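User: I am new to this structure. Please take me through some of the terms used for it.

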Amino acid sequence: MKVLVIGGDGYCGWATALYLSNRGYEVAILDSLVRRHWDLELCVETLTPIAPIQQRLQRWQDLTGKKIDLFIGDINNYDFLIKSLRQFQPDSIVHFGEQRSAPFSMIDREHAVLTQTNNVVGNLNILYAMKDEFPDAHLVKLGTMGEYGTPNIDIEEGYITIEHNGRKDTLPYPKMPGSYYHCSKVHDSTNIHFACRIWGLRATDLNQGVVYGVLTDETGMDELLINRLDYDGVFGTALNRFCIQAAIGHPLTVYGSGGQTRAFLDIRDTVRCVELAIANPAQAGEFRVFNQFTELFSVGSLAEKVKEAGAALGLKVEVDHLDNPRVEKEEHYFNAKNTNLLDLGLQPHLLSDSLLDSLLNFATKYQHRVDKSQILPKVSWHRK
Ligand code: NAD
Ligand code: USQ
């Protein structure tokens, strides 16, 4: 099967492209490399030194004998997109290629507009390309658990059956996104659902939780294949940030009371979930939604776990509660379903002390690369 990984130079996409290539899929990566540009703009760098994409792919080929094709360009450029698709002729299109940071989208009007234009228009271009020339391909689109927000009822997988004034229907689950980035994902979902209904396209929306970890079997094969690991206040995500903060002796940055509960998964499960979706495609006209996570944690409880794991390694870890730069509930009900991927055979890697050990050791190894001035959050959701 031929799989095009859009956003394959990024954190989830790189690990996924190598994993699928290793499993015998014919893989190509399409990426504009804009994420490397955004890092430069913000003056931040991944903890781990990542090589240029061409060097990474050459090393992969030298090590495994497997070739991954490369298309460098922007999916907002329809001409480039359709030409790449014509050349590669994918059976599945895995779409990771978006601006994915909530704080980045909240910097100012320009960054909100950039995020929504980049994400919504890029995704819409893919839908039109599929309608025009690849109607049988399967779109596997990365959505986010943050589309749902934190409702005071159980979160279903994409749809909910509602009885209202004596009538009953199954409808898209209500959305309450928490940033202009998360809003872009909601808009994408609506557009994909509509395209499946009117054009009979097949699509799976993977509503992924916060990803943690850095090593997969493939990215660990060679230093040149190393994955990115963001720790800064804009692109770094909660658990990855906490482990790096612990390694350098910075107090853990819990926002507010820390009662915010989110869905999490190990990057080794991200790559497997994508494969499960590809290997079991949606039907023509079907818009499937899978909640892609393995465990739920509050950010406060994660900080405590990192503190304990750090102590076992001889690190003295302190936990700070900062004024929350975001507008979000800090104490709330959160119970989300995630049975669709488990039913397809996902065997989760659960967060264990050994994972924290390996992340902490990784962070310690590269701690000389940490720019401490980039750790505290600088972007606020609040009206000045
Ligand atoms: P990332 O920033 O590391 O990678 C995204 C990649 O997409 C980058 O290489 C970037 O250059 C590319 N890209 C962006 N816009 C593009 C465009 N218009 N054309 C071509 N390429 C483009 O992000 P990530 O952490 O790997 O996230 C990948 C996807 O997974 C995103 O859609 C994100 O919303 C989703 N997701 C990520 C997480 C997480 O914790 N990292 C959790 C849930 C969902
Ligand atoms: N948080 C802290 N301290 C930190 C960083 C974050 O307490 O140092 C808190 C935030 O306030 C929030 C929670 O941790 O309540 C998650 O924040 P995050 O930055 O780890 O994740 P988020 O902004 O939601 O975005 C990340 C990815 C995004 C993906 C999303 C999945 O960047 O691409 O869509 O996770 S989810 O959260 O399920 O929507």
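User: Why is Thr115 called buried rather than exposed?

Analyst: The model is predicted; local features need pLDDT of at least 70, side-chain atom pairs count only at pLDDT 80 or more, and totals for chains, interfaces and linings use all residues. Residues are numbered from 1 along each chain as its sequence is written, chains are lettered from A and ligands numbered from 1 in the order in which they are written, and side-chain values use heavy atoms, without hydrogens and water. Now Thr115. Its relative accessible area is 0%. Buried means under 20%, exposed over 50%, and partly exposed in between, with a 1.4 Å probe and protein chains only. Therefore Thr115 counts as buried.

User: What does Thr115 touch?

Analyst: Thr115 lies in helix H6, residues 109-133. A helix is a DSSP run of H or I with at least four residues, a strand a run of E with at least two, each numbered from the N terminus. Leaving out residues up to four places away in sequence, Thr115 touches Gln99, Phe104, Ser105, Tyr181 and Ser184. Contact means heavy atoms within 4.5 Å.

User: What makes the pair Thr115 and Gln99 a polar contact?

Analyst: Their side chains are joined at 3.0 Å. A polar contact is a pair of N or O atoms within 3.5 Å; within protein, one must be able to donate a hydrogen and the other to accept it, and residues adjacent in sequence count only if both atoms are side-chain atoms.

User: Which polar side-chain atoms lie 2.6 Å and 2.8 Å from an oxygen atom of ligand 1?

Analyst: One belongs to Tyr181, at 2.6 Å. The other belongs to Arg100, at 2.8 Å. The protein covers 98% of the 830 Å² of accessible area that ligand 1 has on its own. Such areas come from the Shrake-Rupley method with a 1.4 Å probe; for residues, only the protein chains shown count as cover.

User: Why is Leu33 called partly exposed?

Analyst: Its relative accessibility is 21%, so Leu33 counts as partly exposed. Leu33 lies in the loop between strand S2 (26-31) and H2. Its phi is near 65°, a positive value in a residue other than glycine.

User: And Cys43: is it buried or exposed?

Analyst: Cys43 has a relative accessible area of 56%, so it is exposed. Cys43 sits in the loop between H2 and helix H3 (53-64). Its phi is positive, about 65°, although Cys43 is not a glycine.
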